[in-house]
Amino acid sequence: TLKGGEVSVSARQSSQFASGLLMAAPFCKSPAVVRIDDIDPQESYIDITMGIMRFFGAEITYASNEEGTRLSVEVAPGPYRAADLRVEADLNSALNFLILPLIVGGRATVTNVSGETHQPGNQLLKMFSRLRGIVKIGRQEVSVASSGKQPKGGFEVDMRAMSEMALSMGVLAVFADEPIAMTNLAHIRHHGTDRLAAISEILGAAGVKTEQGDDWVRVFPTPRDQLK
């Protein structure tokens, strides 16, 4: 069993450490307080974790600073309760299919997810409109269709809250009409592999020009007939 008490953890490189501590906290003998620093307010995985815990009966109280970058969560001891939960689609994975119409045409639709989802990948749907995609959001599905035009590039985007999709966005940027730069991605160098380096390495092997810094990467368009 776990004793309880207070613990501090940073969410700078990954919020999964904080979520893991929170999910274990109801099994403590005494109340557990998890203090979380370096939170990205736009990244809502910790909010999702707390919401699911409450759904299964966990008692949670929390307070945050004004900027939303620090959070103190107190979890009361007590077992979870069984309940039926419909798990929505993983939007990060689904977006790989929704990107396809922007590259090859047609339309892609993903069900079991709505525009009201709290998953941070939802923000990328707005990006698809900026890229000249036709986005439709229903009550239980989202779809993206080609407008028949080349994706619009020539911008810089902060990908911190959407970092799970950085690799896929790097591929999409190859087919834009101007370069696309993705910033605030230093933390993905520690996600299983150095994902930021992987973008340049793998696209470079396909003949795509990229530029990269500590926390950013810029992808230059490449004509399809020049891709390896």
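**Reading the labels on this model**

In this predicted model, Ile52, Phe55, Leu85 and Val87 form a nonpolar patch on the surface. Together they have about 340 Å² of accessible area.

Student: Why is leucine 85 called partly exposed?
Tutor: Its relative accessible area is 36%. Leucine 85 sits in the loop between strand E4 (71-75) and helix H3 (91-104).

Student: Why is serine 14 called buried?
Tutor: Serine 14 has a relative accessible area of 14%. Buried means under 20%, so serine 14 gets that label. Serine 14 lies in the loop between strand E1 (5-10) and helix H1 (16-24).

Student: What makes serine 14 and glutamine 16 a polar contact?
Tutor: A polar atom of the serine 14 side chain lies 3.1 Å from the backbone nitrogen of glutamine 16. The cut-off is within 3.5 Å, so the distance qualifies.

Student: How do you know that E1 and strand E2 (residues 32-37) pair?
Tutor: Six bridges join them. Pairing needs at least two, so E1 and E2 pair. They run parallel. One of the bridges has valine 9 and isoleucine 36 as partners. The chain crosses from E1 through H1 to E2, a right-handed β-α-β crossover.

Student: What makes strand E6 (residues 134-137) and strand E7 (residues 141-145) a pair?
Tutor: Four bridges join these antiparallel strands. At least two are required, so E6 and E7 pair. Isoleucine 134 has alanine 145 as its bridge partner in E7. A hairpin of three residues joins E6 to E7.

How values were computed:
Residues are numbered from 1 along each chain as its sequence is written. This is a predicted model: local features need pLDDT of at least 70, side-chain atom pairs count only at pLDDT 80 or more; totals for chains, interfaces and linings use all residues. Side-chain values use heavy atoms; hydrogens and water are left out. Helices (H or I, at least four residues) and strands (E, at least two) are DSSP runs, numbered from the N terminus. Buried means under 20% relative accessible area, exposed over 50%, partly exposed in between (1.4 Å probe, protein chains only). A polar contact is a pair of N or O atoms within 3.5 Å; within protein, one must be able to donate a hydrogen and the other to accept it, and residues adjacent in sequence count only if both atoms are side-chain atoms. A crossover is right-handed if, with the strands pointing away from the viewer, the path from the first strand over the helix to the second runs clockwise. Patches are made of residues with over 30% relative accessible area and no salt bridge: like charges are joined within 9 Å, nonpolar side chains (Val, Leu, Ile, Met, Phe, Trp, Tyr) within 5 Å. Accessible areas come from the Shrake-Rupley method with a 1.4 Å probe; for residues, only the protein chains shown count as cover. A salt bridge is a side-chain nitrogen of Lys or Arg within 4 Å of a carboxyl oxygen of Asp or Glu.
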